[in-house]
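Have a look at the structure first, then read on.

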Amino acid sequence: MAKTFRESLEKDMVRIGTLLVLMVSGLLVLVFMAYAYIEQTTQLRRDTARLAADFREDLAGADRILQEMLGAEGPDRDLAYHFYRSQAAEGLEGQVFLLDRSGRELYSNAPDHRLPGTYRQLLVEAQKEAGCLAYYDAAAKPYLMVYRRQPDQIALYLIKGEDLVKSDQPYAVSYAVLTAYDRVLAADQASAQLSPGRSGHFALVNNQLYLQRQEDLPAGFKLHTQILFLPILSLLAISFGGLLLLILFMVALTNHFAAYLARHNSQSIDALVAETQLISQAAQDRLEEDYEAEFAYLAQAMNQMLERIHQLNLDQIDLERDKVNYERKMLEAQFNPHFLYNTLETIRITSQFDPKVCSQLIRSLTTILRYSMDSQMADASLAEDLQVIDHYLQVTQVRFPQFSYSISCPEALGQVQVPRLFLLSAIENAIKYGRDQRPDLRIELTVGCQAERLFFCLRDNGPGFDPEARDQLAADLTANRGQHGLMNSIKRLRYLYPEAQLEVAEVDQGTCLIYWIRRPAHVPDGNC
């Protein structure tokens, strides 16, 4: 349903006011989000740097322990003393192994923890003097293995992943130390929220938005860190709740203000719309209210336009009536010269050898001409029309003795109104083109009902339509053009029955034309 001017004005003002409120509110949200982003990004960068420094410090401390062990001599007791003293100085906790050049174990502070042979062989064949790599025991528990080589000895130090990057000051980020193959070497307790396989600066985990960062560590290790973008959920809820209340208040205030302005600025429009609705419903024919300012000029112009439209409608109705009458008379006149010529030719011939038949033909011709030219009778009953057509076919039968015909029409359909002789042009066509190839031409005219429609079926045993003529007739019927006999008949029938259709039915021999119209209300179903 179309909106009134006041409703449109009120809606536009509400839309503008709401848009301004949303823009201000959105700006506040963006400021808040920007502050949170800057704060959390700074924290993420600071903690990532601390973690990377702690990892490097753990590697450096482990290397110093190994140098101390490689320089120590004596029995296992002295070696253990050197180890625990240097480990305590570095603040680390782990296991140390001393191997000879062949990989045989010389000392270990954890005798029950045997180093697998594959790792021993890897260390023996290592080319670097010092390095580190990830080590996983039989239970898949991760360790950081730091090693250092001398010509006759190899020292290595194992640090559990859970003991790496420990700090007295807690980290605000979640972190994970990954190998080159993205296996976790060390992680904090919140590492379950990490998504190290995801690239980009943001990550959505469990419907929570995180900021993430990745930094390369020595020996191919990687440090992956994340921090919750908005960690203070309660503050966020309060902020958004307050913002929502502000939006609702501002929108309500805007609605009230817009309704007030629209109500006081649209009274003339409302009155004009009300009157135009009455005019469209034919309740009045002009604007009668007293309008002010520009609306007075508008009302005067609309009244003048309405008067011109009314006069144009009357003129158009007269023109359409004259046009219809003219076209009907033109269509009726098109077959009369042909019919008259053919009949007069027959009278001329019969007058030479059978005066009685000639007299009968003259009476039939007089009846047909009087019927077709009666200007007081635009339409006729079907019974009268078929009677005149029967006269015409009798005349034709006199001209062509081998010609035969039949007319079948239920008595209940006799009072159906039809255009006078609308079928005659189609019958003339059938005789004209059929007798060229069939001297024994036969025409059958059948009238009947089928469901809610009435039909006029004209069938002959002539040569029928060739494909080109059938296509041309279909095109003429679709476009409602052409002046030949078949188009004249259907055009005249459509003046009385606009829904009338002409069908060219498929038959084995000859031509079958069917004119369809709706069954008139005065013809009960089953009486035809």
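Which residue in β5 is the bridge partner of Leu-98? That's Ala-155. Keep in mind that we're looking at a predicted model here.

Zooming out from that pair, β1 and β5 run antiparallel to each other and share six bridges. They belong to an open sheet of five strands, ordered β2-β1-β5-β4-β3, with antiparallel pairing. β2 and β3 sit at the edges with a single partner strand each, so one side of each has no neighbour in the sheet. On average, neighbouring strands here are turned by 20° against each other, direction ignored.

Here are the elements with their residue ranges:

| Element | Residues |
|---|---|
| Strand β1 | 95-100 |
| Strand β2 | 105-108 |
| Strand β3 | 130-136 |
| Strand β5 | 153-160 |
| Helix α2 | 76-90 |
| Helix α8 | 382-399 |

Now for the nonpolar packing. In soluble globular proteins, nonpolar side chains tend to be buried together. The largest nonpolar core in this model has 45 residues, and the members touching the most others are Ile-427, Ile-431, Phe-456 and Tyr-515. Helix α8 is the top contributor to this core, with six residues.

What does Ile-431 contact, leaving aside neighbours within four places in sequence? The list is Tyr-392, Leu-393, Thr-396, Phe-400, Phe-403, Leu-441 and Ile-443. There's also a second, separate core of 37 residues, with Ile-65, Ala-72, Tyr-175 and Val-177 among them.

Methods:
Residues numbered from 1 in each chain as written. Predicted model: local features only at pLDDT ≥ 70, side-chain atom pairs only at ≥ 80, totals over all residues. Heavy atoms only, no water. Pairing = 2+ DSSP bridges. Helix = DSSP H or I, 4+ residues; strand = E, 2+ residues; numbered from the N terminus. Axes fitted to C-alpha atoms, helices over the stretch in contact; angles between N-to-C directions. Contact = heavy atoms within 4.5 Å. Core = buried A, V, L, I, M, F, W, Y, C linked by side-chain atoms within 4.5 Å. Buried < 20%, exposed > 50% of the residue type's maximum accessible area, 1.4 Å probe, protein only.
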